[in-house]
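Welcome! Here is a short briefing to read with the model open beside you.

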Amino acid sequence: MSMFPDFRISGSALTAEKTRLDTIAGNIANMNTTRTVEGGPYQRRTVAFAEDLADSWNRRRIEQPFVPSKQQTRANPGQGVRLDRIIADERDPMMVYDPEHPDAQEDGYVMYPNIELAKEMTDLITAHRSYEANTTVVQTAKSLYMKALEIGR
Amino acid sequence: MNEITGRGINSLVDRSLIFNDRDKVGNDNGFAEMLRGALANVNQTQLDADQAVDHLLTGDLESLHQVMIKAEEAQLSLQLTTQIVNKVLQAYQEVSRMQI
Amino acid sequence: MPVFSLGETSQIAIYQEAALTAASFLYSESLGGARVSFFRDDTTSVLMKGLDAASMRQRVTANNLANLNTPGFQRSDVSFEDQLFNVRQDMQVPLARTHERHLPQSPQDITPQIKQDTTTIRRIDGSNVDIERDMLNMVSNQLRYNTYVQQLTTRFNNWRFVINEGRR
């Protein structure tokens, strides 16, 4: 991605949040999708993030025991964030009574994706805030590098 | 190290050799030794700076500010040593004119 | 360690002394001739460490903000200037150092350290990163960084001025 460690960290966040935004967009777009290729209604997707503990330059994992209750010093500043996995929402679909619907079951109920617009919008705002914050971090990192070049001038 | 600093250091070394020749009575020429040490130091600061830049080029950008600092120190070391050697040589030449 | 073996006049001796003193600035025999940067006086060393700390802090803050929405993540801070402050306070009252793990006695002993923040509460299914706090940290850190760079540059320029007798 980049050879500047600071940009790698922020870049990882931008990529992760962008993926989340895409997921949310997909959820919203498919709110009313009652039939998919796999059969059944569209399954809501969420993303799970984890801290990137791999030394991505050397492609090795750094073991970092996580002890939240102790005042602890860290060896390295961190590598940013990574997308751990995309989770398919396993909850039951939303049942709506609509016997006229082409995808209605025998009992007259239609299975809708379990997607609430309010929840998706909240997630969207959270993701966007993070995205914005991380772009600001990139700007600051850049100006620090530029300032370092001025040493001695 | 680059050509300019390399030449600069070499000319300093050449000019400081005059001190070795002078002491033919077998006296412990501590001054020449010290000068050699000083030039080795300057050499080392140049090499350090070069190495830091090398790391920069191969993508190790952990601390750009340290590279800049090393470059400054290398330059100042060279300038300081050059000035001192020049002044000492000047004084030396004046004194050797004086002797006769 | 005479350079001239014959007819030492007092003037020659003076020149020799001066030359030896000058050369010894650059080559410290007391350290076994080991290379020590002549320009690194106490304040300059601390400034350089300050730059290391500020640079580290930028990275740590970047990691904090990158993991804003990472469940279970714990934010970190960089400790340096606070350690410096404590040492300066302690220097008012001389302490006996009986064990090497005791408080550092001089500013030269201090190194920047990354400390995890265990006091802030983590959000449910989230991190304990407070976006406003870290953004503000980043701004003040940037000012610190700029200040240190400026100070170092001034010192280097002063050196250059002295060495070149008027900054040629």
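A residue is called buried if 20 or more other C-beta atoms lie within 10 Å of its own, exposed if 12 or fewer do, and partly exposed in between, with C-beta atoms placed from the backbone. This is a predicted model, in which local features need pLDDT of at least 70 and side-chain atom pairs count only at pLDDT 80 or more, while totals for chains, interfaces and linings use all residues. Residues are numbered from 1 along each chain as its sequence is written, and chains are lettered from A and ligands numbered from 1 in the order in which they are written.

**Chain A at a glance**

- Chain A has two helices and seven strands; helices (H or I, at least four residues) and strands (E, at least two) are DSSP runs, numbered from the N terminus.
- Starting at the N terminus, its elements follow the order α-β-β-β-β-β-β-β-α.
- Chain A has 153 residues, and 25% of them count as buried.
- Among contacts in chain A with a separation of 6 or more, 69% link residues 24 or more positions apart; two residues are in contact if their C-beta atoms, placed from the backbone, lie within 7 Å.

**Where chain A touches chain C**

- Chain A brings 37 residues to this contact and chain C brings 30 residues.
- On the chain A side, the elements giving two or more residues are α1 (5-29), β1 (45-51), β4 (73-74) and α2 (117-148).
- The largest share of that side comes from α2(A), with 13 residues.
- β4(A) and strand β2 (residues 113-116) of chain C run antiparallel and are joined by two bridges; strands pair if DSSP finds at least two bridges between them.

**A closer look at C:Ile114**

- C:Ile114 lies in strand β2 of chain C, and A:Arg74 stands opposite C:Ile114.
- C:Ile114 is buried because 21 other C-beta atoms lie within 10 Å.
- Beyond its neighbours within four places in sequence, C:Ile114 has contacts that include A:Thr73, A:Arg74 and A:Pro77, as well as C:Met56 and C:Val60.
- C:Met56 is 58 residues from C:Ile114 in sequence, with 8.3 Å between the two C-alpha atoms.

**Chain B and its confidence**

- Chain B has an average pLDDT of 75, and 75% of the residues score at least 70; pLDDT is the predictor's confidence in each residue, from 0 to 100.
- Within chain B, confidence is lowest in helix α1 (residues 3-22), with a mean of 68, and highest in helix α3 (residues 64-99), at 81.
- B:Val85 sits in helix α3 of chain B and counts as buried because it has 23 C-beta neighbours inside 10 Å.
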